[in-house]
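Here is a brief report on selected parts of one chain. Please look at the sequence and the model before reading on.

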Amino acid sequence: MSTKPTAITDWGRYSELGVTDEGSARSAIVAWGLAHRAMALYAGGPEPVIRRGKKQWQAFAAEATVPELRRALGGILFENHLQARRSDQTTPIGAPIAPVVRYSSLAVTDTSGLEAATKLVAATYYRRPGEFAYQAWEFVNATYFGAELPWPLITWGLTAHGGCLGYTASAADRSRPPRIQLHPSLLGGTEKENPWGISPGMLGAAFAFDTIVHEAIHVSVDYRLGGATGESSHNCAEWIAEVNRLAPLLGLVLFQAGSNRVRRVAVPDAPLTKRGKVQTKPVRQSDATLNGRPAGFDLVARFPRAVRLTLGQRDYYRRNALPFEHALQAGDVGTKAAERF
Ligand SMILES: [Zn+2]
């Protein structure tokens, strides 16, 4: 059994490869063995884990059973993964592992087709809702954000805690673009109940559009404005500034966003203190106003939906008359697929 490299056996646990072509598997293993040796020589680093000559690799490949070949190929994938990690660091890697490296990971370096790729994926897997979300995103980005937002991956599915209409995951260091998840119930149609207690007649393209606007503001705060610096992603100067910039653009001229702060207010009908002062207590209050009157902070945190609903703009949602052509124009949410959550 001296031809059976133990390290490769150990790596077998990483492998669930359905190797069916033994010929290719054997060639790959020989190629990997040679590459591994060359790499170790080039790098001049630590002793290679497995030292074999070409003939030994050929002998191994010739004698190995199919399960052994599978395990060995698992080792190749794992080894390439390690090489990829090492190459981020300082050890020079000769990397003559071209024959198999392309299987090791999706080492995508050309992202020029990303927008088209994500739209294709969305249209393929979500059909019209998938197309709609990107059409809405393009409109929102161009119209309200000067096309400065990074391109997101937009998916449809249950959101965190189920209670959110949408959810945006940003990378704090902006090392990758954002992901936006939209709840399928936004479009209504397929479900009698929705998790938010919103009348089913409100749901649809316009309601989903407002959710996309909301998520786009999160993206803007996180990627354009350097991140939220306040108490929360909504109760922060950046969010409030964006809401106030967008409100008139969305026709919500009566709304003024403001922060949510704790302040001391007089206790009504309370006697004066021993020192003869008015009794006060701390109260959390919103600085937001609607039509000049104080408005709850939920209008800021759930902008723009909560503002529209408070203003009684139910027809806006019922009519679904969005200012751009989109895949849900006919009010059809597309495939009524049997989705199980
Ligand atoms: Zn939010």
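**Terms and source**

A residue counts as buried if 20 or more other C-beta atoms lie within 10 Å of its own, as exposed if 12 or fewer do, and as partly exposed in between; C-beta atoms are placed from the backbone. This is a predicted model: local features need pLDDT of at least 70, side-chain atom pairs count only at pLDDT 80 or more, and totals for chains, interfaces and linings use all residues. Residues are numbered from 1 along each chain as its sequence is written. Helices (H or I, at least four residues) and strands (E, at least two) are DSSP runs, numbered from the N terminus.

**T211 in helix α8**

T211 sits in helix α8. T211 is buried because 24 other C-beta atoms lie within 10 Å. Leaving aside neighbours within four places in sequence, T211 contacts L165, G166, L182 and L186 (contact: C-beta atoms, placed from the backbone, within 7 Å). The C-alpha atoms of T211 and L186 are 8.3 Å apart, although 25 residues separate the two along the chain.

**Strand β2**

G166 also belongs to strand β2 (residues 166-169), where G166 and T168 form the covered face. Y167 and A169 form the uncovered one. In a regular strand, side chains alternate between the two faces of the sheet.

β2 pairs with β3 in the antiparallel sense, over four bridges (pairing needs at least two DSSP bridges). T168 stands opposite I180 in β3.

**Helix α7**

Buried residues of α7 include F132, Y134, W137 and V140. Their cover includes α6 (114-126), β1 (153-156), β3 (179-182) and α8 (205-224). After α7 comes G146, with a positive phi near 55 degrees.

Terms used. Contact = placed C-beta atoms within 7 Å.
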